[in-house]
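Colleague: Before I use this model, I would like to go through the labels attached to it. Please set each one against its definition.

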Amino acid sequence: MQAQDFTLPIHYIRQIAEQIGGMGADVPQWLRLGGLSEAQLEDPLQTVSFPAFRQLALDALAMTREPALGLLIGNRLVMNMHGMLGFAAMNSVTIRQMLELFERFIRLRISVIATRHEVHEGEVRLLFTETWPLADIRPLVLEAVVLTVKNMLDHVTLGSCQIGYAAFAFKRPEYAALAKGLFKCEVRYGQLWTGFTLPAELLDVRLKMADPAAFQEAAQICQRELEKLSANESMAARVRRNLLENQNGFPSLGVIARLFHMTPRTLHRRLLEEGTSFHEVLEQVRHGLAVEHLSSGSMSIQEIAYSLGYTDIANFRRAFKRWESVPPTEYRLRLGR
């Protein structure tokens, strides 16, 4: 991931610093390991690269020895910490409008996660997907983001929208009871998706805090921020995000080029200028998803191969061995799945 493709406002790093500081960690040392200083935490223009963020997250886990750190961080991120996105959400007219707001603009707050909602027989699923493989910080980031959004929903609905259950696509941790207490509902692990459910009949009920004019003004500001962010985003990142948002059937080069209002030849040239290609980006996405699915243990190898677009499982095995130097079966055995 190129530096300009990763978004995370510095005040979120400040919140992590305050959380781990309160747990006894040496915050100045933690910051130094991540290439930051305490003064930089106060600079609203300060940026953090994805490698630096990953290192900060891993060091925070190591220093606190708290595997549930993601939940603790998510629980402290109150509504007014999310900038104009939080203000727009607070003034949403309906839950549907709020969910659509997240789908459009969550990238302004954290660029490695995307959301979408689906309706299934009276139930709404709000799904969270990675737009970049999070690997060893996956549980921490997903738990923090999902709990943050759930708490935002509680705030906007004044607690009137009780979610059905939360779901995570990784194995049950030893702190599952804490997760249940913070989410205030059942939490299911080893699922094929990550997010939570809520009643479909509440989607279009007018919210008591609704202010349509304030919402429209805030949404327009978010749109302008997104346009500025997109102008600095690499083409490879845009392609990668599109592929990850369409995991049920990866779009072809031609389809993505059309979505970006350019010819396949122009898209190919733009990617070559960035030192990559459509095939390489697709391979990176498949590689990352394969590792995540094998790590979660919720899908068979045949199911993983099919989900990644391989009609022949042998081709998937060969590709995975090229990526990780071992076949997927051996990789899963090493993980103890």
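**Labels and their cut-offs**

Colleague: What makes the radius of gyration of the protein chain agree with a compact globule?

Modeller: A compact globule of 337 residues would have a radius of gyration near 20 Å, and the protein chain has 20 Å, so the two agree. The radius is taken over C-alpha atoms, and the globule rule is 2.2 Å times the number of residues to the power 0.38. This is a predicted model, in which local features need pLDDT of at least 70 and side-chain atom pairs count only at pLDDT 80 or more, while totals for chains, interfaces and linings use all residues. Residues are numbered from 1 along each chain as its sequence is written, and side-chain values use heavy atoms, with hydrogens and water left out.

Colleague: Why is Cys-161 called buried?

Modeller: Buried means under 20% relative accessible area, exposed over 50%, and partly exposed in between (1.4 Å probe, protein chains only). Cys-161 has a relative accessible area of 2%, so Cys-161 is buried. Cys-222, at 0%, is therefore buried too. Of the 337 residues of the protein chain, 52% count as buried.

Colleague: How many disulfides does the structure hold?

Modeller: The structure holds zero disulfides, a disulfide being a pair of cysteine sulfur atoms within 2.5 Å. For Cys-161, which is in none, the nearest cysteine sulfur is that of Cys-185, 11 Å away.

Colleague: Why is Asp-43 called partly exposed?

Modeller: Its relative accessibility is 31%, so Asp-43 counts as partly exposed. Asp-43 lies in the loop between helix H2 (27-33) and helix H3 (50-64). Helices (H or I, at least four residues) and strands (E, at least two) are DSSP runs, numbered from the N terminus; the protein chain has 16 helices and five strands.

Colleague: What is the phi of Glu-121, and why is Glu-121 called exposed?

Modeller: Phi of Glu-121 is positive, about 45°, although Glu-121 is not a glycine. Most residues other than glycine have a negative phi. Glu-121 sits in the loop between strand S1 (113-120) and strand S2 (123-130), and at 87% relative accessibility it therefore counts as exposed.

Colleague: Where is Ser-325 found, and what makes it exposed?

Modeller: Ser-325 is in the loop between helix H15 (313-324) and helix H16 (328-335). Its relative accessible area is 57%, so Ser-325 is exposed. Ser-325 also has a positive phi, near 70°.
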